[in-house]
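Reader: I'd like a close look at a single part of this one. Could you pick a strand and walk me through its surroundings?

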Amino acid sequence: MAGGAGVGCSGEAEDDVEGDVAGEVGVVGWLDEGESARVAALLAAEAPSSYAVPGLAGVRRWAGVRVGGELAAVAADAWSAPTVGLLAGVATRARHRGRGLAGRVCRWVSRELVAVYGRAALMVDDDNPAAIRVYERLGYRRRRVAASRAVG
C-alpha cells in the first residue's frame with residue numbers, strides 16, 4: 001500500500017451519528033457466516049481493493065447494518081493480535097453514503113475490539129480523506145507507518 005498510514009484508538013468513540021437515520025436503519029451487529037456472499041458482493045461493488053474479504057485467513061468476523069433490509073455498510077475484525085484488534089474491510093453502498101453508516105458500524109466494531117483486546121487500530125490509505133474523517137471523528141489518531149506489498 002503506497003502512501004499508507006496507520007491509526008489507532010484505545011478509548012471509546014463519541015456517540016454522534018451524522019444524519020439521523022433512525023427508523024429505517026437496523027441495529028449494528030456481528031453477521032452470521034451465511035452473510036459472507038452478501039458481504040463479498042458489497043465489497044466487490046463498493047471497495048474492490050479491500051484487503052479484508054470473507055473467507056481470507058485472519059479475517060475473523062464481519063459486522064454490518066441494514067437499511068430497509070439491505071446490507072448497507074460493513075466492517076471486519078481482521079488480523080487482530082493479542083493486544084490490539086484490527087478494524088478492516090470498511091465499505092458502504094454508494095446509495096447510502098453520507099448518512100453516517102460507516103461511522104456507526106466502525107464505532108460498534110471498535111468498541112467490540114477494545115472490549116476484547118484493550119485497543120483498536122486500522123490501516124487507511126492517505127488518498128482516502130472521507131474514511132480518514134470518519135475514523136478521526138471516532139477517536140482514531142494518525143500514526144505514520146511505512147507499508148508495502150510484494151507483487152509478483
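**Strand β5 and its neighbours**

Author: Let's begin with the pairing: strand β4 (residues 70–78) and β5 run antiparallel, joined by four bridges. Strands pair here if DSSP finds at least two bridges between them. Strands (E, at least two residues) and helices (H or I, at least four) are DSSP runs, numbered from the N terminus. A quick word on the source: this is a predicted model, where local features need pLDDT of at least 70, side-chain atom pairs count only at pLDDT 80 or more, and totals for chains, interfaces and linings use all residues. Residues are numbered from 1 along each chain as its sequence is written, and side-chain values use heavy atoms, with hydrogens and water left out.

Six residues lie between the two strands, and W79 has a positive phi near 60°.

Now for the parallel partner: β5 pairs with strand β6 (residues 120–125) over three bridges, and L87 has L122 in β6 as its bridge partner. To get from β5 to β6 the chain passes through helix α2 (residues 101–117), a right-handed β-α-β crossover: with the strands pointing away from the viewer, the path from the first strand over the helix to the second runs clockwise.

β5 is largely enclosed by the rest of the structure, because six of its eight residues are buried (under 20% relative accessible area, 1.4 Å probe, protein chains only; exposed is over 50%, partly exposed in between). Take T92, found in β5 (residues 85–92): T92 is buried at 9%. Leaving aside neighbours within four places in sequence, T92 is in contact (heavy atoms within 4.5 Å) with L42, E46, A72, A73, R97, L101 and A102.
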